[in-house]
Amino acid sequence: MARSSKPKAAAPSFVLIATVFAGILVLVAGVLIGVAFRDQAKGVAGSALGAAIGGKFSLVDQNGNNVTDSDLKGKWQLVFFGYTHCPDVCPTALNDLSLALDQLGAKKSEVGIVFISVDPARDTPDVLKSYVESFGGPIEALTGPPDAVAEAAKDYKVFYAKHPRADGGYDMDHSALIYVMDPQGRFTAAFTPDDTSDTMAARLKKLVG
Amino acid sequence: MRSTLLALGAGLMLSCSAAALAQSGDVAITNAWARATPGGAQTAAAYVTIEAASGDRLTGVSTPAAQQADLHSMTMDGSVMKMRQVDGIDLPAGKKVTLKPGGYHIMLTGLAQPLAAGQSFPLTLDFAKAGARQVTVSVQTVGAMGPAPQAGGESGNGMSMPGMDMPAHH
């Protein structure tokens, strides 16, 4: 009896231990997942990625003046990479940003727009000058030697690549996020091309204060 | 894709007959519009809404307003914007297909002149079944996200405020 009952008793206790152990695992996993999501909820700015966006660069603006990252400090900056031969997402973004700034009232002067060309071969300072003047916002348009542009794009984790067209021309694939940098040049938030000017303005009002 | 309509000046303003033509046959084309180009821009995007009652396929486009006109898709691959030329756009029977910012567009390359708000230009659309159809594209503001308001709106005739390049609300 005892022999046969021992294994019987052992089996439930093994099951119990295994269940408790599994339960602990689930709890630990749950806590870990919770922590991960809580961090995510803080936004990209609180993560390592946020800290890594932005950096030193030296480019030329639409008036031919040299501009570095430190020249952009002291104001909030909305940084967008694009090119003037882009017919759709770039004009949309620059127009939306201009309209968003118009909603900031007195705070408008504390925010600038930075348009960095990923197509420096075609986007000379002169080309950029007439291009950005068509939008309402205070846009600093930057270009420069290809390696200087590449350096700036690398700082901002921006991808861009030339895509040849059948007619011999080319388009540029490029990251279309808009980075919100604080007056100290720190990455704070990002807008996507789907964000409307109203959405951008609402978020900017909270950030700029 | 090269335009055979190289008529200058007057050729840019054939509106009434084109509008009538656009409604004939099996394909209805409405809301042909484009954005004014920012200064110095050599490309532009034009958009239309097409409904093919029994299904068709848009196979090509041409216009005297640009050296080249192509059908393009615009897609987001993660946060990366990609434009690609496409051979055609399928038009399912009875379903409106709208080319619009952030989606398919008619890419105009090598503009004969900048597009200014209030202007218009002819655009020929080639369909697999319905053949060639011409429409008049009205040019909206630089940042417009859609065609001008239709009848009932304050600027429904598309002729108001020529030359105004103010950003548009959306």
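In this predicted model, the secondary structure of chain B consists of one helix and ten strands. Read from the N terminus, the elements of chain B follow the order α-β-β-β-β-β-β-β-β-β-β. Chain B has 170 residues, of which 41% are buried. Among the contacts in chain B with a separation of 6 or more, 71% are between residues 24 or more positions apart.

One residue of chain B, B:Arg35, can be followed in more detail. B:Arg35 belongs to strand β1 of chain B, which covers residues 27-35. A residue is classed as buried if 20 or more other C-beta atoms lie within 10 Å of its own. B:Arg35 has 27 C-beta neighbours inside 10 Å and therefore counts as buried. Once neighbours within four places in sequence are set aside, the contacts of B:Arg35 in chain B are B:Ala44, B:Ala45, B:Gln140, B:Val142 and B:Ala144. B:Arg35 is also in contact with A:Pro91, a residue of chain A. In sequence, B:Arg35 and B:Val137 are 102 residues apart, while their C-alpha atoms are 9.9 Å apart in space.

Chain A contains an open sheet of seven strands with mixed pairing, in the order β2-β1-β5-β4-β3-β8-β9. The edges of this sheet are formed by β2 (66-68) and β9 (187-191) of chain A; each has a single partner strand, so one side of each is left without a neighbour in the sheet. From one strand to the next, the twist averages 35°. At one end of the strand order, β1(A), residues 58-61, pairs with β2(A) in the antiparallel sense over three bridges. Within this pair, A:Val60 has A:Asn66 of β2(A) as its bridge partner.

Helices of chain A pack against the sheet. Helix α3 of chain A, residues 89-102, touches β3 (76-82), β4 (111-117), β5 (139-143) and β8 (178-181) of chain A. The direction of α3(A) makes about 165° with that of β3(A). Helix α5 of chain A, residues 146-155, lies across β1, β3, β4 and β5 of chain A.

Strand β4(A) was examined for burial and pairing. Seven of the seven residues of β4(A) are buried, so this strand is largely enclosed by the rest of the structure. In a regular strand, side chains alternate between the two faces of the sheet. On one side of β4(A), the buried residues are A:Val111, A:Ile113, A:Phe115 and A:Ser117.

β4(A) runs parallel to β3(A), to which it is joined by seven bridges. In this pair, A:Ser117 of β4(A) stands opposite A:Gly82. Together with helix α3(A), the strands β3(A) and β4(A) make a right-handed β-α-β unit. β4(A) also runs parallel to β5(A), with four bridges between them. Here the bridge partner of A:Ile113 is A:Ile139 in β5(A). A right-handed β-α-β unit is likewise made by β4(A), α4(A) and β5(A).

The two chains meet through 31 residues of chain A, which are in contact with 29 residues of chain B. On the side of chain A that touches chain B, the elements giving two or more residues are α3, α4 (125-132) and β7 (170-175) of chain A. The most is given by α3(A), with six residues. By residue type, this side of chain A divides into twelve nonpolar, 13 polar and six charged residues. Strand pairing also links the chains: β7(A) and β5 of chain B, residues 80-85, pair in the antiparallel sense over two bridges. In β5(B), B:Val80 stands opposite A:Ser175.

The mean pLDDT of chain A is 84, and 76% of its residues reach 70 or more. Over residues 1-10 of chain A, the pLDDT stays under 50, and the model has zero contacts beyond four places in sequence for this stretch. The pLDDT is also below 50 over residues 31-46 of chain A, a stretch with ten contacts in the model beyond near neighbours in sequence.

How values were computed:
Residues numbered from 1 in each chain as written. Chains lettered and ligands numbered in written order. Predicted model: local features only at pLDDT ≥ 70, side-chain atom pairs only at ≥ 80, totals over all residues. Pairing = 2+ DSSP bridges. Axes fitted to C-alpha atoms, helices over the stretch in contact; angles between N-to-C directions. Contact = placed C-beta atoms within 7 Å. Buried ≥ 20, exposed ≤ 12 C-beta atoms within 10 Å, placed from the backbone. Nonpolar A, V, L, I, M, F, W, Y, C, P; charged D, E, K, R; others polar. Right-handed = clockwise from strand over helix to strand, strands pointing away. pLDDT = per-residue confidence, 0-100.
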